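Student: Could you walk me through the place where two of these chains come together? I would like one close look at that part, with the cut-offs spelled out.

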Amino acid sequence: MRGLLAKDGYIIFKQLKFFLVLIVAFAVIPNSSLSGFSIVYTAMLPMTVMAYDEQSKWDKLARMMPYSNRDLVLSKYAVGYIGMMGATLITFISALVCMAFGDGTASERLPAILISMSGGLLLEAIGMPMMLRFGVEKGRILFFIIAIAVTIASIVSNSDSIGRDLHMPAIPGLPLLLLVTAATVVLNLISIAISTRLYRTKEI
Amino acid sequence: MEILISHTAGQPIYNQIYSQIKEQIISGRLKADSPLPSIRALAKDLRISVITTKRAYEELEREGFLYTVGGKGCFVAEKNTEVIREENLKQMEALMRQIHSLAETCGLSEPEVSEMYHTLLKEKF
Amino acid sequence: MKNALEIKDLSRSYKDFALQNLSLNLPAGCILGLVGENGAGKSTTIKLIMNTIHRDSGSITVMGTDNTSPQFQDVKQDIGVVLDEANFPEVLTARQVNKVMKYTFTRWDEAVYFDYIKRFDLPEKKAFKEFSRGMKMKLAIAVALSHHPKLLLLDEATGGLDPIMRDEILDIFNEFTRQEDHSILMSSHIVSDLEKSCDYIAFLHKGRLLFCEEKDRLLEKYGILSCSREELEKLPAGTVYGRTRSSSYGGVEALADRTKIPAGMKVSHAGIEDIIVFLAKKEG
């Protein structure tokens, strides 16, 4: 799988430099919503990489190489996970730095991180099987729909006014957040299993 | 060992190899017990099919012109005088047939042909 | 290992095409040329061999291993593949491909790879999308040869290359099979390339295997007969194969078995391309 990740790495750093810069910038800027975008958008990295693969018909060749179907599927998810972890880490560090400089609101970004991560993981869990089965073009549409929905949810949950109207605590409790995050992790495991099965029967 | 292959001549390639090697063994150019290139090496060097060189070698082995030592390869067999005599007789027969058909074309009778032969012998020797 | 490839009764059907009961063997150390028109089933066969598409029936054994078994994953380390259109993502460079392949094949040989890159005159740091079709092919061939494979599967690997380059590549394939456990299955519609380098020729036509024969025996057996129509009709059955080609002046050309042609008739050399064209005409 290292080979596949190396290939994806080359594609990302070559072609998606602008995208990466945006992600990093959003992660650094002290704004919960932007950090949210950043993390969620890293979940879209796999999709973009898959588009380049399809252009060269790489899948046809890759399947004849000693990669297992599981490797081929897992590496795509891994690209998203690694990206999300990177964005999360940058956001986290940025928030800590801000807090060290006395920015009080920085601590609000922390729960936002968990929400975004859940959102990103949800995106992957639902979007990836679609794309692996139906190809990038069709899966892309669904992916975007979900991405927008999750982004909206991320903004809403960070917005105090709407939170007050709904009589929700401004920041959801940590235990609940952790539960939600754990749930999306589980969802991902299921998603990977489904994707692997779908990919096995897919003919290229 | 020298082998020249022609792809456009009517003669099958395995036959070209077979006859050329045989001729060199009979003429003594290939000495007894000298090693021959492996079937595969010969094929690759001549850029022809391995199956074909194998066929040529098998025929040569069958007729006693070469022998195989397991693990070591193929070697030229001792000149088999019996086989060579056989070969030469066959060649003479073929030439005689040719003479006969030519004689027919010219309208020469059998005694006239024998006359020619005797005259030739006396002149040459 | 007797056979590098054993295919028995392989069948696979699609909506408007079907590969039917294909059986052929590739003995170890040999080069088999798969020839056929576009759509005959050559690429389908290669995909079935690598199990990237699933067969309806039949069996495929690659170097002794069933290609649907889990052990086949390891066998893939010994197989080098060159496909017609599929290749590495276009943004990669030859250097980056090296890194990727290093982590893919256990016997990846960097020195051999860069040796081929140099030999084929390929730039190391340019992205593929700037390569010509021929250059992309050469890179794919370099990759296929650089992990010490035992079997090469080549799908139209010489298309898009100029004659000089093709000759060099065929030379490389010739050298590859100097070792007796190295085999090649190559599909092409450049019949002259196959005629130059193959031990066996298999002719696939509309999903059916019309023949799989030793190349040299094919060249020995067939000749092109030129005669008049009356003479042709007088020939015994089984002398002539396939359709005949007539001129408007009463003459015909036909593919014939040399051993069955009566003496005195005009026979000329039949190349593999001739054989295929005449036979295809009949079936078609």
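Student: Which side chains meet in a salt bridge with a distance of 2.9 Å, N to O?

Tutor: They are the side chains of A:Lys57 and C:Glu85. A salt bridge here is a side-chain nitrogen of Lys or Arg within 4 Å of a carboxyl oxygen of Asp or Glu. Between chain C and chain A the count is one.

Before we go on, a word on how to read the values: this is a predicted model, in which local features need pLDDT of at least 70, side-chain atom pairs count only at pLDDT 80 or more, and totals for chains, interfaces and linings use all residues, while side-chain values use heavy atoms, with hydrogens and water left out. Residues are numbered from 1 along each chain as its sequence is written, and chains are lettered from A and ligands numbered from 1 in the order in which they are written.

Now the interface around that pair. Two pairs of chains are in contact (heavy atoms within 4.5 Å), and chains A and C share the most contacts. Chain A and chain B, by contrast, have no contact, and their closest C-alpha atoms are 29 Å apart. The A and C contact draws on 27 residues of chain A and 31 residues of chain C. Together the two chains bury about 2,700 Å², with 64% of that on carbon and sulfur atoms. On the chain C side, C:Thr52, C:Val91 and C:Tyr103 lose the most area to chain A, together 21% of what that side buries. Buried area is the accessible area (1.4 Å probe) that two parts lose on being put together, summed over both. The size of an interface is often given in just this way, as the accessible area lost when the parts come together.

One residue of chain C that reaches across is C:Ile46, which sits in helix H1 (residues 42-49). Beyond its neighbours within four places in sequence, C:Ile46 is in contact with A:Met64 from the other chain, and its partners in chain C include C:Leu153, C:Leu154 and C:Leu185. Because its relative accessible area is 1%, C:Ile46 counts as buried; the cut-offs are under 20% for buried and over 50% for exposed, with partly exposed in between (1.4 Å probe, protein chains only). The C-alpha atoms of C:Ile46 and C:Val81, 35 residues apart along the chain, are separated by 9.4 Å.

On the chain A side, the fold has nine helices and zero strands, whereas chain C has ten helices and 14 strands. Helices (H or I, at least four residues) and strands (E, at least two) are DSSP runs, numbered from the N terminus. Helix H6 of chain A (residues 69-100) holds A:Asp71. That residue is buried yet has no salt bridge, and the nearest side chain of opposite charge, A:Arg70, is 4.1 Å away. Leaving out residues up to four places away in sequence, A:Asp71 touches A:Met1 and A:Leu4.

To set the two partners side by side, buried residues make up 49% of the 204 residues in chain A, and 55% of the 284 residues in chain C. Carbon and sulfur atoms account for 74% of the accessible surface of chain A, about 9,600 Å²; for chain C the share is 47% of about 12,200 Å². Both areas come from the Shrake-Rupley method with a 1.4 Å probe, and for residues only the protein chains shown count as cover.

Notes: Lys, Arg positive; Asp, Glu negative; His and termini not counted.
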